Amino acid sequence: MLGRRQLREKVMQSVYAYNSLGTDGEERLVEKNLMKGIDHIYDLYIYLLNLVKVQQEIASNKIELAKNKNFPTAEDLNPNMKFVNNKMFKILNENIELSRYTQDHKMYDWDIYDTYPNNIYNKLIESDLYKNYMNSGINSFEEDQEFILNFFVEFIAEYEDLHDWFEGIQLN
């Protein structure tokens with residue numbers, strides 16, 4: 001789902017470009033640029049959903065590494081799996097359209113070894129949001145949904161380095 005604000009911005013940019021050209025023959029060019037802008041917004045949307053999704057993979061990988069240490073602690077052997085079992089991750093993993101689009105466009109997928117997802121994960125596990133979520137006795141869809149929403153707002157939407165990277169690859 002594309003954001004209304006983003007669509008409005010692209011439409012206004014296209015209307016301005018159309019009016020600035022002053023010729024009637026350039027309608028197809030303006031429409032083509034509008035559609036290209038909308039495609040970029042959709043690609044950004046897929047990138048961000050996959051960025052949320054890869055957080056579960058990073059957590060699972062770290063749990064497995066801890067279990068396989070030479071001298072694992074009791075916490076390593078019996079970790080709190082609440083984050084990994086978050087119901088929103090299950091929904092993202094089972095989303096057919098997201099999986100298909102990511103499969104067709106491998107460049108919009110993240111790897112667990114990429115810098116940005118790992119930086120975000122490391123900031124997340126040090127945060128009060130994560131600690132409160134992991135220690136709460138509640139295990140509901142609403143809590144999982146609220147946690148992912150707050151995680152996205154606090155750690156992905158506010159991450160300036162990620163914004164700069166998206167601008168660098170011209171996905172803004």
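Four helices, α2, α3 (74-77), α6 and α7 (128-135), each supply at least two residues of the lining of the second largest pocket. This is a predicted model: local features need pLDDT of at least 70, side-chain atom pairs count only at pLDDT 80 or more, and totals for chains, interfaces and linings use all residues. Residues are numbered from 1 along each chain as its sequence is written, and side-chain values use heavy atoms, without hydrogens and water.

The second largest pocket holds about 380 Å³ of space. Its lining has 17 residues, and the closest to its centre are Ile63, Glu75, Pro79, Asn80 and Tyr130. By class, that lining has ten nonpolar, three polar and four charged residues.

Now the packing. Which helix does α2 meet at about 110°? Helix α2 (residues 27-67) packs on helix α8 (residues 141-156), with the axes 12 Å apart. That makes α2 roughly perpendicular to α8 (65 to 115 degrees). In α2, Leu48, Leu51, Val52 and Gln55 take part. In α8, they meet Ile148, Phe151, Phe152 and Ile156; contact means heavy atoms within 4.5 Å. Seven residues of this contact are nonpolar, one is polar and none is charged.

Next, α6 (residues 115-126) and α8. Their axes come within 11 Å and cross at roughly 115°. From α6 come Ile120, Lys123 and Leu124. From α8 come Phe147, Phe151, Phe155 and Ile156. The residues here divide into six nonpolar, no polar and one charged.

Conventions: Axes fitted to C-alpha atoms, helices over the stretch in contact; angles between N-to-C directions. Parallel < 35°, antiparallel > 145°, perpendicular 65-115°, else oblique. Nonpolar A, V, L, I, M, F, W, Y, C, P; charged D, E, K, R; others polar. 1 Å grid on protein atoms, 1.4 Å probe; cavity = no way out; pocket = protein on both sides within 12 Å on 5 of 7 lines; lining within 4 Å. Points joined across faces, edges and corners; volume = space filled by probe spheres on them.
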